[in-house]
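Here is a short tour of some aromatic rings and their surroundings. Have the sequence and the model open as you read.

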Amino acid sequence: MNEDLETLLRGLREFERREVEEVNEESEDMRVYPVLAVRDTVMFPHMVSPLFVGRDRSLKAVDAAMADGDTIIVVAQRDPTVQDPGPEDLYDIGTEVEIVRMLRLPDGTTSILAQGKQRVAILDYVQITPYLMASVRPIIEFSEKDLSTEALMRAVLALFEKCVQLSHTIPEDTYVFAMNVDEPGWLADLVASTLELDLDERQSILETIDPSVRLQRLSIMLARELDVLELENRIHTQVQQEVDRSQREYFLREQMKAIQNELGEGDTFTQEINELREKIAASDMPGEVREKAEKEVERLAAMPPMAPETGIIRTYLDWLLELPWSKATEDNVDIAAAARMLEESHYGLTQAKERILEYIAVRKLAANKMRSPILCFVGPPGTGKTSLGKSIADALGRKFVRVSLGGIRDEAEIRGHRRTYIGALPGRIIQTMCRAGTINPLFMLDEIDKVGIDFRGDPSAALLEVLDPEQNFAFSDHYLEVPYDLSKVIFITTANLLDPIPPALRDRMEVIEFPGYIEEEKIHIARRFLIPKQLEEHGLPAGRLHFSDAALKSIIREYTYEAGVRNLEREIANICRKVARRVAEGKRAPTNITSQSLVKFLGPPYYTFGIAEREDEVGVATGVAWTAAGGDLMPVEVTLMEGKGSLLLTGQLGEVMQESAQAALSYARSHAKELGIKDRRDFDRLDIHIHIPEGSIPKDGPSAGITIATALISALTGRPVRRDVAMTGEITLRGKILPIGGFKEKVLAAHRAGLRVVLVPKENKKDLVELPKKAKRDLRFIFVERMDEVLAESLLPAPPTSHKRVGTKSRRSSSRGSEQSPAND
């Protein structure tokens with residue numbers, strides 16, 4: 001359709017050009033008139049329009065025309081930006097106009113009222129300065145009116161009527177005037193002069209000589225203008241409807257407000273604003289926070305109730321009002337009562353209890369001078385870290401709140417989101433303080449060693465401010481944007497391991513270690529806490545079910561293998577469930593649980609308790625290792641084979657442990673004569689295989705050095721290793737024994753396994769104070785400084801009938817699943 005339209009327009013232009021040339025050639029009426037160049041304006045014949053003249057050359061042309069018959073030629077500029085146009089800047093077709101009136105204005109310009117008379121073709125410019133004059137020839141229009149011309153006039157009038165109805169700039173009188181025009185050329189000029197057309201389109205209408213062709217071209221322009229006006233009107237209608245709805249809602253709201261005022265009820269939104277002002281005035285906010293809250297209330301009052309930001313500000317004010325700013329609970333400073341409550345709720349854990357009682361004592365003497373402690377309970381799972389925090393809160397008379405940090409990877413979880421985000425909220429610290437309702441609760445941050453880090457930030461870095469007494473008196477939450485005082489809060493964090501905690505964060509906390517429980521402590525905890533709790537939870541009356549000491553020992557030794565008591569409680573609950581089912585079914589249920597009846601309730605034992613090795617063997621030594629569960633036995637096996645002198649290490653050993661094995665081998669080779677190894681050249685013909693069982697568990701650390709050396713020397717000399725001896729220590733190339741870490745956990749692992757002798761570095765003698773009395777009484781400690789002392793205590797004389805140097809495979813006294821945590825030192 002567009003191609004057909006372009007073809008039609010090109011044909012019309014060619015026809016007009018030939019027509020103009022023919023008319024110009026036939027007409028001999030040539031005249032010379034002054035020329036007035038105009039910008040963005042095209043004068044049409046018969047039209048009356050005001051023109052503003054300001055350029056010097058144009059003013060002189062108007063004066064010359066007024067002096068000589070009031071006739072002037074008006075021609076449009078091709079480029080409106082040209083300030084001083086010449087003949088080449090003007091179109092070739094213009095309009096002869098008559099100046100009806102001229103009026104000089106105060107700003108130096110002149111306004112003329114001009115009426116178009118006829119089209120003219122500019123033949124030549126006869127004068128350039130001081131103003132333009134040109135010889136022109138009038139263009140004669142052929143105004144024959146036939147049926148096609150009448151149809152075009154009616155079509156143009158119909159389109160023009162619709163445009164007048166939709167347009168806000170065309171007066172309705174224009175359409176009435178157009179209805180009374182009989183000449184087709186005059187009608188086309190009238191309609192073109194009223195439409196908002198571009199300069200080129202207006203000029204093309206002016207240059208169209210044939211009225212029929214002019215009407216055809218104008219009808220195309222009218223159809224396009226009508227489409228634009230309809231779209232504009234549709235958009236205007238939609239906007240008006242939206243405005244009308246808003247105005248209607250505003251009007252109804254004002255009416256409602258007036259009715260409520262007449263009834264004495266007042267506006268709901270205004271009531272809420274007044275209530276907020278009253279709450280802020282009655283609150284205990286600090287001055288800076290109060291000023292911020294009042295400023296936000298004033299912003300809220302100035303907004304319409306339905307504004308999007310109204311809900312954001314209201315939520316922010318609710319958080320400020322709900323937070324405790326000075327409300328505090330009174331501490332219980334009765335040291336004896338607090339000690340009694342802690343002892344009733346937890347057995348053992350002397351170091352943690354002593355630290356809390358010391359705090360209460362200082363609080364009693366210097367209430368306003370002491371900073372709140374920031375403690376970190378570190379120990380294996382199930383040792384009572386979290387439950388002790390609740391008991392401490394009860395003993396102090398404080399509210400207890402807890403936040404689990406396990407798996408947190410976003411800094412905003414601690415500090416909150418800024419209010420610019422949709423759905424923003426304060427961080428967990430502020431949310432929990434709001435839930436506590438006091439400014440001095442006991443705040444437990446659980447699993448602080450499980451905090452992660454990713455592209456959203458480092459939560460542990462945000463905790464630095466929370467757990468620093470020098471900073472937390474003015475904690476900054478991104479959502480609140482005002483300081484909040486955390487200095488009166490007692491923070492207690494819990495962790496299974498210290499290593500994952502960043503050093504800067506670890507430095508801000510006072511670490512209290514929770515060791516694993518020995519067998520007697522577990523029995524005491526079971527009788528005092530676990531059994532009564534499970535009987536109550538399973539609907540069994542107190543005293544309905546009795547566990548013998550032998551039964552509890554069997555559960556601890558053969559059905560659990562842990563530093564804490566979580567699995568012990570689980571097995572007791574398992575027995576209580578089975579008894580409760582029998583009672584509920586009306587069957588005969590046992591009242592006493594003995595060691596012989598455990599198989600019936602719990603099935604066959606999971607672990608085997610006793611000495612690590614059933615007999616003294618060559619090439620097998622028993623070590624102890626620290627694990628996340630508290631401690632574990634770690635036997636080392638060595639076997640010798642004919643080969644080329646290579647060393648094979650298996651059991652998923654870490655780099656440090658592999659280096660310990662290399663050091664042990666170097667010590668054995670360098671002291672071969674002293675150790676009774678007959679021929680040192682045997683090392684070049686032997687392959688040595690060192691294996692640590694449970695290969696699915698990663699193992700690392702230097703403290704297995706003396707254990708590896710003992711098993712290696714035993715295999716090389718044929719001397720058996722005592723089965724009741726456990727050992728731990730780092731070995732040097734000179735045979736010195738260096739101190740180790742995790743002393744308490746390793747010794748308790750040996751005690752739990754039923755061993756009786758423990759070889760430990762002499763420098764670890766100071767750590768004996770950490771051990772329970774029962775463990776110190778049952779175990780014999782031998783403190784060693786050199787490797788020859790270890791061999792003297794652990795190796796037996798070689799059997800006279802045996803000359804083998806190959807160690808036999810050991811059987812673990814406590815076989816654990818492969819899912820156990822890695823062994824480390």
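This is a predicted model: local features need pLDDT of at least 70, side-chain atom pairs count only at pLDDT 80 or more; totals for chains, interfaces and linings use all residues.

Residues are numbered from 1 along each chain as its sequence is written, and side-chain values use heavy atoms, with hydrogens and water left out.

Searching the whole structure gives 8 aromatic pairs (rings of Phe, Tyr and Trp, the last by its six-membered ring, with centres within 6.5 Å; planes under 30 degrees apart are stacked, over 60 edge-to-face, the rest tilted).

Phe160 sits in helix α3 (residues 147-166) and Tyr175 in helix α4 (residues 172-179), 15 residues apart. Both Phe160 and Tyr175 are buried (under 20% relative accessible area, with exposed over 50% and partly exposed in between; 1.4 Å probe, protein chains only). Phe377 belongs to strand β7 (residues 374-378), while Phe514 is 137 residues apart from it, in the loop between β13 (510-513) and α18 (519-537). Helices (H or I, at least four residues) and strands (E, at least two) are DSSP runs, numbered from the N terminus. Phe377 is buried at 0% relative accessibility, and Phe514 is buried at 2%.

Next, a charge: Arg419 lies over the face of Tyr316, 3.8 Å from the ring centre (NZ of Lys or CZ of Arg within 6 Å of the ring centre and within 35 degrees of the ring normal).

Finally, Thr432 is found in helix α15 (residues 428-436) and counts as buried, at 2% relative accessibility. Leaving aside residues up to four places away in sequence, Thr432 touches Val401, Val403 and Phe443 (heavy atoms within 4.5 Å).
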